[in-house]
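Take the chain below from its overall layout down to single residue pairs. The text starts with the secondary structure and then follows one part of the fold.

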Amino acid sequence: MNADMPPGRTRSDVGVPAQSGPGGGADWTLRPAVAADVEVLAELRATVMRADLERLGRYDGHRVRQRLRDSFSTEHTSIITGDGDVMGCVTVRPAEGAQWLEHFYLAPQHQGRGLGSAVLRTMVRRAEAHGTTLRLNVLQGSAARRLYERHGFVVDSEDPIDVFMVRPPGAGTADKI
């Protein structure tokens, strides 16, 4: 193992070639998260989730940040970067018979330009290559639900706050999304 990589990471996890052009909006890469990223990501989460949580009557500035801190994992989190800036993050955590896609946040200035689709395609391709089901939850009424549906996720269950979605292997090829 390379000494500059966090435990549990392999060279194939560390770098995803830069993406650009249609469907990507800008050049971007994924890099492994490090412990020092946690506060930047906690702030990003609070910013991105605020409107939806306020709409649902559930926004608490401390709680929204603390939930990320409590579940932050450098082993499973990748930072989306471009031009030296943090553009967002995504966590893919192993679970029984599946992987949970969580903490997928893009800074507001990077939303709506195809970056979310480009990153999600990468995550779907990885899961497909391993024959793994992806699971996630999204807040009721969140615009992100449409993104996930376009990429083959379907509703598994829902409650008044969350929509739980699943994407089994073979739900559609990542090259067509």
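How many helices and strands are there in the chain? The chain has five helices and seven strands, where helices (H or I, at least four residues) and strands (E, at least two) are DSSP runs numbered from the N terminus. Their order along the sequence is α-β-α-α-β-β-β-α-β-α-β-β. The model is predicted, so local features need pLDDT of at least 70 and side-chain atom pairs count only at pLDDT 80 or more, while totals for chains, interfaces and linings use all residues. Residues are numbered from 1 along each chain as its sequence is written, and side-chain values use heavy atoms, with hydrogens and water left out.

Of the 177 residues in the chain, 42% are buried; buried means under 20% relative accessible area, exposed over 50%, and partly exposed in between (1.4 Å probe, protein chains only). The chain exposes about 9,200 Å², and carbon and sulfur atoms supply 50% of that area, which is computed by the Shrake-Rupley method with a 1.4 Å probe. Among contacts (heavy atoms within 4.5 Å) with a separation of 6 or more, 57% join residues 24 or more positions apart.

Helix α4 covers residues 115–129. Its 15 residues should span 21 Å at 1.5 Å a residue, and the end C-alpha atoms are 21 Å apart, which agrees; the expected span is 1.5 Å times one less than the number of residues. Because 11 of the 15 residues are buried, α4 is largely enclosed by the rest of the structure. The buried residues include Leu115, Arg121 and Ala127. Glycine 131 follows α4 and has a positive phi, near 65°.

Strand β5 (residues 133–139) has five of its seven residues buried, so β5 too is largely enclosed by the rest of the structure. β5 pairs with β4 (residues 98–106) in the parallel sense over three bridges, pairing being defined as at least two DSSP bridges between two strands. One of the bridges joins alanine 98 to threonine 133. The chain runs from β4 through α4 to β5 in a right-handed β-α-β crossover: with the strands pointing away from the viewer, the path from the first strand over the helix to the second runs clockwise. β5 also pairs with β7 (residues 162–167), in the antiparallel sense over six bridges, where arginine 135 has valine 166 as its bridge partner.

What remains is the aromatic rings. Rings of Phe, Tyr and Trp (its six-membered ring) pair if their centres lie within 6.5 Å; planes under 30 degrees apart count as stacked, over 60 as edge-to-face and the rest as tilted. This rule gives one aromatic pair. The ring centres of tyrosine 148 and phenylalanine 153 are 5.7 Å apart and the planes are at 65°, so the pair is edge-to-face. Both tyrosine 148 and phenylalanine 153 are buried.
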